[in-house]
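Please look first at the sequence and the fold shown below.

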Amino acid sequence: MHSLPLKLVPGSDLRLSIENFGREQNKSGFVLGVVGNLSIACFQCPGRVKPTVLEGNLEIITLNGTFSPDSVHLHLSLSDGDCQVWGGHLEPGTVVLKGADILLGILVNESDSPHLIEGF
C-alpha cells in the first residue's frame with residue numbers, strides 16, 4: 001500500500017471525484033483521512049427512502065470507506081453551523097465549499113486487495 005493526497009477544489013462533487021479517481025486511474029483502496037468543508041451534503045440515512053440534503057457551511061468530520069474502478073462505498077459525518085452532527089452513506093451531489101484534502105490508501109498489488117473473510 002502507498003498513500004496519495006487528493007486535493008478537491010470548490011465546486012467538486014466529493015463522491016464523484018473519488019469514483020472518477022478509482023475508475024480513471026484503475027486503482028482500489030480506502031480513505032485514510034480528510035479535512036475540508038461542504039456547501040451541500042447529500043447522504044443516505046439508515047431506513048430512509050430518500051437521501052438527506054443539507055446546505056450551508058458544513059464541516060467534514062470523517063469520511064471513510066473503500067473505492068475501486070467499479071464502485072465506492074463511503075460514509076460521511078459532518079457538522080452544521082450549530083455543531084449538530086449528521087452522517088450516513090455518501091451520495092452524489094455532495095459539493096465542496098472551499099476545498100477538501102483527502103488522503104487515499106492505494107492498494108498496489110492483487111494480494112493487497114480486500115477479501116471478505118466469513119465467520120469472524
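The side chains of Lys7 and Asp101 form a salt bridge, with 3.1 Å from N to O; the term stands for a side-chain nitrogen of Lys or Arg within 4 Å of a carboxyl oxygen of Asp or Glu. This pair ties together distant parts of the chain, since Lys7 belongs to strand β1 and Asp101 to strand β6, 94 residues apart. Helices (H or I, at least four residues) and strands (E, at least two) are taken as DSSP runs and numbered from the N terminus. Lys7 is exposed, because its relative accessible area is 65%, whereas Asp101, at 36%, counts as partly exposed. Here buried means under 20% relative accessible area, exposed means over 50%, and partly exposed lies in between, as found with a 1.4 Å probe on protein chains only.

The model is a predicted one, in which local features need pLDDT of at least 70 and side-chain atom pairs count only at pLDDT 80 or more, while totals for chains, interfaces and linings use all residues. Residues are numbered from 1 along each chain as its sequence is written, and side-chain values use heavy atoms, with hydrogens and water left out.

How many salt bridges does a search of the whole structure find? There are 2, and one of them joins the side chains of Arg15 and Glu19 at 2.6 Å, N to O. Both residues lie in helix α1 (residues 14-25), where they are 4 residues apart, or about one turn of the helix. Arg15 counts as buried because its relative accessibility is 14%, and Glu19 is likewise buried, with a relative accessible area of 18%.

Strand β6 (residues 95-106) pairs with strand β1 (residues 2-8) in the antiparallel sense over 7 bridges, pairing being assigned if DSSP finds at least two bridges between two strands. Within this arrangement, Ser3 stands opposite Gly105 of β6. Strand β2 (residues 29-44) also runs antiparallel to β6, and 9 bridges join the two; in β6, Ile102 is the bridge partner of Val34.

Two serines can be followed next. Ser79 lies in strand β4 and is buried, since its relative accessible area is 12%. If residues up to four places away in sequence are not counted, Ser79 touches Asn57, Leu58, Glu59, Ile61, Gln84 and Val85, where contact means heavy atoms within 4.5 Å. Ser68, by comparison, is found in the loop between β3 (52-67) and β4 (72-79). Is Ser68 buried or exposed? Ser68 counts as buried because its relative accessibility is 17%. Leaving aside neighbours within four places in sequence, Ser68 is in contact with Gly22, Arg23, Lys27 and Ser28.

The structure holds 0 disulfides. Cys42 is in no disulfide, and the nearest cysteine sulfur, that of Cys45, is 10 Å away. For Cys83, which is also in no disulfide, the nearest cysteine sulfur is again that of Cys45, 19 Å away. Cys42 counts as buried because its relative accessibility is 9%, whereas Cys83, at 63%, counts as exposed.

Technical notes: A disulfide is a pair of cysteine sulfur atoms within 2.5 Å.
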